[in-house]
Amino acid sequence: MQYELNVAHLYGDLMNTYGDLGNILVLKYYAQQMGVKINSKVVSLDEDFKAEDYDIAVFGGGQDFEQVIVSKDIQTKKDELIKYIENDGCLLAICGGFQLLGHYYIDAKGDKIPGIGALDHYTEPQDNNRFIGNILIKNPENGEEYHGFENHQGVTHLGKDEKPLGIVEKGYGNNGQDHTEGAVYKNVYCTYFHGPILARNGNLAKNILMAALKRKYPDQDLSKAASLKVPASY
Ligand code: GLN
């Protein structure tokens, strides 16, 4: 049986700060070792996103300029993206992508950029400051640690249905105040980590691949995939 996962790289030509594309390369790298084929496709401006076509979506970070462009287009994909998320589709969203899945992002100029409200967070500006540097978080559910690098102007406040991806041990995280970093809702993983996150955190890459496989192949024996050993987060 050939397992296959279809990956949508949302706005991959616009939202790709610090090589977030690398997250897809890492998914392919580990998937190959699991015996899983990955087909990936950029889904950008004026292109259809159909919820049933995909098993994983990756939405990278971007600068305010690109976010304004994407914010307008993503409203046309809003219903299908919400359907995909509510139907347990896997999604990894980084920084600007994370912000646009929420209600809104107020940019460095003070302009309010609408998100799609698929997740219940919102993002406000800082006063002439950015959160930049190395960051370490610990996931409260599974105890895993994730190492990364953050660079963002926005400060994000999570909504009621969201859990953080991790609790900040070193760095700033969502807002520099409540020690949360990123968000998890159903099979959606959001984070401020660039770099790309999955290259340094094979544990998270494996979690996403396993979630996608379990959703697509609920009756299959996935023990070979589950036995994959990944390097420790660094
Ligand atoms: N423009 C957003 C901010 O500064 C997102 C940045 C990013 O994706 N790196 O908060």
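Cys 95 is buried in this predicted model, because its relative accessibility of 6% falls under the 20% cut-off. Cys 95 is also one of the residues that come nearest to the ligand.

**Cysteines**
- How many disulfides does a search of the whole structure find? The search comes back with zero.
- Cys 190 takes part in no disulfide, and the nearest cysteine sulfur, which belongs to Cys 95, is 11 Å away. A disulfide would need the two sulfur atoms within 2.5 Å.
- Cys 190 has a relative accessible area of 0%, so Cys 190 counts as buried.

**Ligand surroundings**
- Which residues come nearest to the ligand? Of the 15 residues around it, these are Asp 64, Gln 67, Cys 95, Gly 154 and His 194.
- Gln 67 places a polar side-chain atom 2.6 Å from a nitrogen atom of the ligand.
- His 194 has a side-chain N or O atom 2.8 Å from a nitrogen atom of the ligand.

**Overall fold**
- The protein contains seven helices and 15 strands.
- With a radius of gyration of 16 Å, close to the 17 Å from the globule rule for 234 residues, the protein is as compact as a globular protein of that length.
- Along the principal axes, the C-alpha atoms fill a box of roughly 55 × 40 × 30 Å.
- Of the 234 residues in the protein, 55% are buried.

**Annotated domain**
- An unreviewed UniProt entry lists residues 6–201 as "domain: CobB/CobQ-like glutamine amidotransferase".
- In the model, the span 6–201 is 22% helix and 34% strand, and its end C-alpha atoms lie 21 Å apart.

**A buried loop residue**
- Where does Asn 187 sit? Asn 187 belongs to the loop between strand E13 (183–185) and strand E14 (188–191).
- Is Asn 187 buried or exposed? Asn 187 is buried, because its relative accessible area of 16% is under the 20% cut-off.
- A polar atom of the Asn 187 side chain lies 2.9 Å from the backbone oxygen of Asp 88.

Conventions: Residues numbered from 1 in each chain as written. Predicted model: local features only at pLDDT ≥ 70, side-chain atom pairs only at ≥ 80, totals over all residues. Heavy atoms only, no water. Buried < 20%, exposed > 50% of the residue type's maximum accessible area, 1.4 Å probe, protein only. UniProt positions renumbered as here; feature names shortened; annotations may be inferred. Helix = DSSP H or I, 4+ residues; strand = E, 2+ residues; numbered from the N terminus. Near = heavy atom within 4 Å. Polar contact = N/O pair within 3.5 Å; in protein donor to acceptor, adjacent residues only side chain to side chain. Rg over C-alpha atoms; globule rule 2.2 N^0.38 Å.
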